[in-house]
Amino acid sequence: MWIDTHCHLDAREFGGDSLGVAARALDKGVGMIVIPAIDRANWEAVRALGAAAGNASYAIGIHPICVPAATEDDLAAMRDTVRDALGDPNFVAIGEVGLDFFLPQLCTPEMRDKQVLFFREQLKIAREFGLPVLTHVRKSQDQVLKHVRQIPPAGGIAHAFNGSFQQAQGYIDIGFKLGFGGNLTFTRALQIRRLAEQLPLSAIVMETDAPDIAPHWVHPGVNTPDQVPGIAEVLAQLRGIGLDELRDATTANAHAVMPRLGALTGMRGP
């Protein structure tokens, strides 16, 4: 089976048909979808989808784009929610967390400092409970890596990675995997395609970031998790390997970096 390690299955772009979207992905061989939360308001939604869909799990976190409206009370609530979720086998990680220094409104000195505060506090929660993190690293690869080194969680994924080979190696060295999705299907995305082609296969996991980052044959439409096999076919061609080899490797990588996901997949069967 394929694993989509990053899909916002609760997004409004799916028009209330999230379970149908998950079912169609399963029909295409996507046996597991990881749904990262973005703020306190959708923690219950991702939990409910993880329970309702036969091929979904979830993560709890506060996304950097939601940090401006977040409060320290949300961090306290997150810790309590994570502690309570440990008994739920569908709960697999902390995320989506990280830093975003691309959007102008997040780049003021005040917002940069607040982002760092919230990221570090969420890393502490991840470390306390022995959980991996799903990290947002847009225009912030070095900064995210610095804080992860200082407050190391139990592994993680650098989502939608688009840094340098040196930055990639930094994440690999601390046990992180790198997420690749629809961006690599565009021939103009030279750096992403070089990374996808040349990085160790043991470092790569598949993702869609649906409903965003659609592959070229869907863009500018809504991305969906059933696109994983098509994206993987492009990646396999870039690397000159068979699709089965890529599927088996990236699935094993996802299980390795998210042990609770591997245990859940084993419980649900092939």
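Two strands count as paired if DSSP finds at least two bridges between them. The legends below describe a predicted model.

**View 1. An open sheet of eight parallel-paired strands.** The strand order is S1-S2-S3-S4-S5-S6-S7-S8. Strand S1 (2-4) and strand S8 (204-206) form the edges, and each of them pairs on one side only.

View 2. Strand S2 covers residues 30-36 and strand S3 covers residues 56-60. The two run parallel and are joined by four bridges. In one of the residue pairs, Ile35 has Tyr58 in S3 as its bridge partner.

**View 3. Lys139 in the loop between strand S5 and helix H5.** The loop containing Lys139 lies between strand S5 (133-136) and helix H5 (141-150). Lys139 is not a glycine, yet its phi is positive, at about 55°.

**View 4. The cis peptide bond from Ala210 to Pro211.** Omega of this bond is near 15°. Pro211 belongs to the loop between S8 and helix H8 (228-239).

**View 5. Ile213, a non-glycine residue with positive phi.** The phi of Ile213 is about 50°. Ile213 sits in the loop between S8 and H8, where Pro211 also lies. Ile213 has a relative accessible area of 25%. Buried means under 20% and exposed means over 50%, with partly exposed in between, so Ile213 is classed as partly exposed.

**View 6. The cis peptide bond between His219 and Pro220.** Omega is about 5° for the bond that joins these residues. Pro220 is placed in the loop between S8 and H8. That loop also holds Ile213, and Pro211 with its cis bond from Ala210.

Definitions and conventions:
Residues are numbered from 1 along each chain as its sequence is written. This is a predicted model: local features need pLDDT of at least 70, side-chain atom pairs count only at pLDDT 80 or more; totals for chains, interfaces and linings use all residues. Side-chain values use heavy atoms; hydrogens and water are left out. Buried means under 20% relative accessible area, exposed over 50%, partly exposed in between (1.4 Å probe, protein chains only).
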